[in-house]
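Here's a friendly walk through this model, for anyone meeting it for the first time. Take a look at the sequence and the structure, then read on.

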Amino acid sequence: MFRYFIIRILRALLTVALVVTFAFIVLRLSGDPAYSIMGDNASPEALAAFRKEWGLDQPLWNQYLHYFAAIVHGELGQSMRGGGPALDLVLSRIPATLMLTLPALLMKLAIGIPAGIYAALHRDSLIDRAVMVTAVAGYSVPSFVLGLALVQLLAIWLAWLPTGGAGSPLHLILPIVTLGVGGAAVLARFVRSAMLEVLGQPYIRTANAKGIPWTAVVRDHALPNAAIPTVTIVGFMVGNLIAGSVVVESVFSWPGVGNLLVVSVAARDLSVVQCILLLVAAAMVLSNLVVDFLYGFLDPRLSNDNTAGRH
Amino acid sequence: MTENIVELQAISKSYATRRGLFGRRVPVRAVDEVSLSLAKGQTLALVGESGSGKSTTGRVALGLERADTGCVLFRGTELPAADTRAWRRMRAQMQMIYQDPLAALDRRLTVLDQVREPLDIHEIGSASERNDKALAMLGAVGLNASHAGSLPSELSGGQRQRAVLARALIMRPELLICDEPVSALDVSIQAQVVNLLMDLQKEMHLSILFISHDLKVVRQISQRMAVMYLGRIVECGDTKDLLANPAHPYTKALVSAVPVAGGRTRERIILTGEPPNPAARPTGCAFHPRCPVARPQCASVSPAVTTLSNGRSVACHAVEIAPTFMGAEA
Amino acid sequence: MTMAEKIDDTSTAKRKQVRSSRVPLSVAAGILWIVVIVFLALLADQIAPYQYTALDLPRRLAAPFTPGHLLGTDELGRDVLSRLIYSVRISLVVALCATMISACFGTAMGFAAAHFRGRIEQLILMLADFQAAMPFLILSLSVLAFFGNALPLFIALMGLYGWERYTRIARSLAITASAQGYAGAVRQLGASPSRVYLRHILPNISSTLIVSMTLTFPEIILMESSLSFLGLGVQPPMTSLGNMVGYGREYMTSAPWIMFAPALLIVITTLSISLLGDRLRDRLDKGLQ
């Protein structure tokens, strides 16, 4: 068990290192970072100073190590547009994003999981069909279309809610619903198929044949086993909390991380983009780690040394 | 003494199962210091339970896998490394038959295409010659032109095994390794396929390494046999003699489990204890936890192979000390 | 079980059989829609009433069903229907190229993992895990930020979408085929690796890969249109469905058709392909049993 966790932690660290390496390679491939970060109008002296400061006159391998060291120390560069440290800028936007993504996550869980379980248990019923149709539709409607449709209906025609921006709790409703509906559909579909998979297993039939009441079979055998794959996708949603609303924030002009990312990409404010990329990666890795730990408890087979491996 | 077509000299093979990028390597010793030789035109049977390493031995003999230590001599020279050009050319001389013919055939190609494939691979003859040769080979294994155009899924189990046999023999190999070739077939079909194999052996001067757990088939087809237990050869000798007078306690148990026609009922030796697990090999003689005549030294000292007067080789402490006692019991 | 229940049981069984053998109406409609869309994309030059850049300045923001402009015009007086037809072409081309790249790359990686095993396999699987764990939108936005946007780069970037799925499929199926199956047998006959992988394994796993492509295709369309919507994908003067929605959004109150026509097209197209993909997957699952 202990060994399993150590391996997972090492893997997580390795993944973070991989993202840093990715950022470094992309940064190098994209041209002279002095130009990219200082802008084309910088004076030759400023460029030289920048190169010296960042060790760009050193061999590539050295630069890589320096880059790594800087990131470990939390030095993620200055925002070209805002001027301040990129990290501070990004961190200041996180609460706004969480105001959308956290309630949306709760909404996904509260709707998606029960709907999926119900649909699986009453296969081919009217509700199952409805869940499946909604889920397929939810898959096919991109969030910007859903968001804009809601704006058109509720903000423009009915004028019940504001079209975008921040300020009052009313501003929160449309973005949260937009985020939540699509995710709930995806989750419902996933939970349904995980449940159906489990319900088709021989041990469920055996439990049934032994005369255990159906509700007990579902509670003691089906749900815990279906929970195992579901934890993965929920973990992905949790890891996506800080940057899962890029498109929706853009639709509703919400001042969160996603909006900052889009604006920074358009303006090529590279240190901010890089900072968001690394933060997202860290969040993803962290949530994956939590998922792996949960797996260790949910699925005793995985922490057994003999079978500890991929899932 | 006849010439040996293939000789295994003290080969060992371990599998290291690594789990993940940082996983610990868990070595599993599949084959341990196995020496065997197969004379030209003869059949050597390799017998053992699943997990005894008999299939791995066959794959090593064929050069599909490289032994960790020891060497494989084919017609007196060592096999080239797997997946090299030289190794691929050698495939024409040594072939294999599998337990599950449906898995061994490509489901999307017709039988004729697949029987012809070795000729395509080794670029022998023109296209029409290849087809003729393949059809002739199919005829030799008892399949006709209508079978030639079928997909494997449209054939019966026995017919599929015949197709696999045709594919293996079309290059006229000298060595054929059969890994449980009939155990997946119905008993009535088994006899047909075994008879076909024996006919073809005579006709094509094939040498066969026959891997099986079925002593009835082994008795019919082989001149010599070797018994494996957890990666080691515990007994090896002339098939008829060995089946009549097994020396090793494990062989005795195996032989006693075969029903004998003609009423001469033997007492069945029932083995107790855990079935063999290569990942947790017992110390000393691997068989000692289940052995009815185990003695204290068996748990610590691995028995060496001794050759008895009749050419039989056995690896057992009990036999070393009192070979006559073991022989007298039978 | 009573007699009535038994009868009921067999009749439901029969009904299920009938349902599974007949193409459902929704899937048939989806296929029809895909045919129409492909037709539009191929014959855009012949069908579109105007060039997608042609301006009709006197009639800016004309409503749908204006004579000469069936779906109206946008803020520069460009014909929405014509732009829609060309957008379909661009979006389909981008998604098709990306799907091809991703399938080829992913399958090659999967075969490499199955062939070399060991460290190379572990490395490839780690990259696949990484790709699956990182939100693709964030990754592609970072790449676009660093490299700027050009259509070939954008297509190549979209071509990384979902490669890890093909890698996993190709790897596990190739390993199975090599361990006990036909691929191991053919290798043993002396076939070169390229013959084993291309002539034997690839045709045998192609149906699984095609189903996977059909399921990934709509996701790539959505990804492309999201990026284009954000103004970071297909760039003007070129037009794509997402890009039309993004620019049409400015005129949401006065001319909602500029935005909703392409939005509707995105939804119907992805829905159709998803339905087809689901159907193909069900068929494949049934065929494998």
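Predicted model: local features only at pLDDT ≥ 70, side-chain atom pairs only at ≥ 80, totals over all residues.

Let's start in the middle. The largest nonpolar core has 233 residues, and the residues with the most contacts inside it are A:Leu261, A:Ile276, B:Ala166, B:Phe210 and B:Val227. A nonpolar core here is a set of buried Ala, Val, Leu, Ile, Met, Phe, Trp, Tyr and Cys residues joined through C-beta atoms within 7 Å. Buried means that 20 or more other C-beta atoms lie within 10 Å of a residue's own, with C-beta atoms placed from the backbone. Helix H4 (residues 80–116) of chain C gives the most to this core, 15 residues.

Residues are numbered from 1 along each chain as its sequence is written, and chains are lettered from A and ligands numbered from 1 in the order in which they are written.

Back to B:Phe210. Setting aside neighbours within four places in sequence, its contacts include B:Thr43, B:Leu44, B:Cys178 and B:Ile221; a contact means C-beta atoms, placed from the backbone, within 7 Å.

Strands are DSSP runs of E with at least two residues, and helices are runs of H or I with at least four, numbered from the N terminus.

| Strand of chain B | Partner strand of chain B | Bridges and direction |
|---|---|---|
| S9 (residues 224–229) | S10 | six bridges, antiparallel |
| S10 | S12 (residues 313–314) | two bridges, antiparallel |

S9(B) and S10(B) make a hairpin with two residues between them, and B:Leu230 in the turn has a positive phi of about 45°. B:Tyr229 has B:Arg232 of S10(B) as its bridge partner, while B:Glu235 is bridged to B:Val314 in S12(B). Six of the seven residues of S10(B) (residues 232–238) are buried, so this strand is largely enclosed by the rest of the structure.

Now for where chains C and A meet. There, 34 residues of chain C are in contact with 35 residues of chain A. Helix H6(C) supplies the largest share of chain C's side, nine residues.

Lastly, the two domains of chain A, whose bounds come from an automatic or database domain assignment, have C-alpha centres 33 Å apart. Their contact takes 13 residues from domain 1 of chain A and 13 residues from domain 2 of chain A.

Technical notes. Contact = placed C-beta atoms within 7 Å. Buried ≥ 20, exposed ≤ 12 C-beta atoms within 10 Å, placed from the backbone. Pairing = 2+ DSSP bridges.
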